[in-house]
Amino acid sequence: MQARQVDYAPALLSRHEHSVELAQILRSHGQAYMQAHATSPEQRKVIRDVTNCRTEILGGHLETCGNGCGYERISFHSCRNRHCPKCQSLQKVRWLLERSEKLLPTGYFHVVVTLPHELNPLVLQNRQILYQLFFEAASEALIELARGWKRLGALPGFTAILHTWTQELRFHAHLHMVVTAGGLSLEGDRWVPAKNNFLVPVRALSKMVRGKFLDGLQMCFEQGKLSFSGNISDWTNPAV
């Protein structure tokens with residue numbers, strides 16, 4: 001279990017113009033990529049959906065000018081895949097606006113918490129349970145450390161977002177946490193700023209997240225909440 005932190009500038013609404021769309025790249029190289037690399041069914045579905053998005057493959061409808069000029073236009077249907085940048089662009093803007101309204105007048109840190117790849121087979125078979133446990137372990141550890149560390153001693157605010165893929169579409173479960181550079185005092189009457197651009201000790205945070213996650217994992221195992229099948233069927237015996 002690893003954690004790291006970097007200074008974060010909350011330029012949430014910056015706009016980037018791209019001359020080449022993801023769909024164009026996948027149409028040109030998607031098949032070759034899938035032939036050269038092992039891809040999961042979920043990854044292949046994303047590639048297929050984004051490739052077919054707003055093309056005749058998904059069908060469409062005819063739009064006609066309501067002013068009687070006779071202009072007509074064929075509009076192809078969207079794939080609606082949550083990974084498609086074209087389909088999710090409006091949703092992304094709405095999300096960024098909502099987050100921006102909650103920003104406090106302070107600096108922010110970007111904390112990344114990563115699950116070890118050795119747990120990938122188990123996580124893939126128990127996503128809902130282990131993702132929830134991951135969120136709880138990371139947030140509880142961050143709050144406890146920030147409150148208990150004598151150089152801060154405050155309750156920070158943060159937003160945590162789960163990412164499960166790398167840029168190369170490989171499974172990689174990790175949390176991105178945008179954390180205030182300081183927090184509310186334990187008495188709740190003043191703001192305590194982080195000192196010298198330093199939030200909390202990263203190694204201590206990693207150790208606390210690891211401990212909480214493993215404790216929760218042990219509890220889930222003892223309560224029979226975890227699924228073990230296929231190549232991890234022998235994981236049901238801890239001694240193996």
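I looked up Leu 205 and located it in helix α6 (residues 202-222); helices (H or I, at least four residues) and strands (E, at least two) are DSSP runs, numbered from the N terminus. The model is predicted: local features need pLDDT of at least 70, side-chain atom pairs count only at pLDDT 80 or more, and totals for chains, interfaces and linings use all residues. Residues are numbered from 1 along each chain as its sequence is written, and side-chain values use heavy atoms, with hydrogens and water left out.

I noted that Leu 205 is buried, at a relative accessible area of 4%; buried means under 20%, exposed over 50%, partly exposed in between (1.4 Å probe, protein chains only).

Next I turned to Thr 55, in the loop between α2 (41-52) and β2 (60-64). Thr 55 is buried as well, with a relative accessible area of 12%. I found a polar atom of the Thr 55 side chain 2.6 Å from the backbone oxygen of Asn 52. With neighbours within four places in sequence set aside, I list Arg 27, Phe 76 and His 77 as in contact with Thr 55 (heavy atoms within 4.5 Å).

Last, I examined strands β6 (residues 158-165) and β7 (residues 171-180), which run antiparallel and are joined by seven bridges; two strands pair if DSSP finds at least two bridges between them. I recorded His 176 in β7 as the bridge partner of Ile 161. The hairpin has five residues between the strands, and there I noted a positive phi near 65° at Leu 169.

Notes:
Polar contact = N/O pair within 3.5 Å; in protein donor to acceptor, adjacent residues only side chain to side chain.
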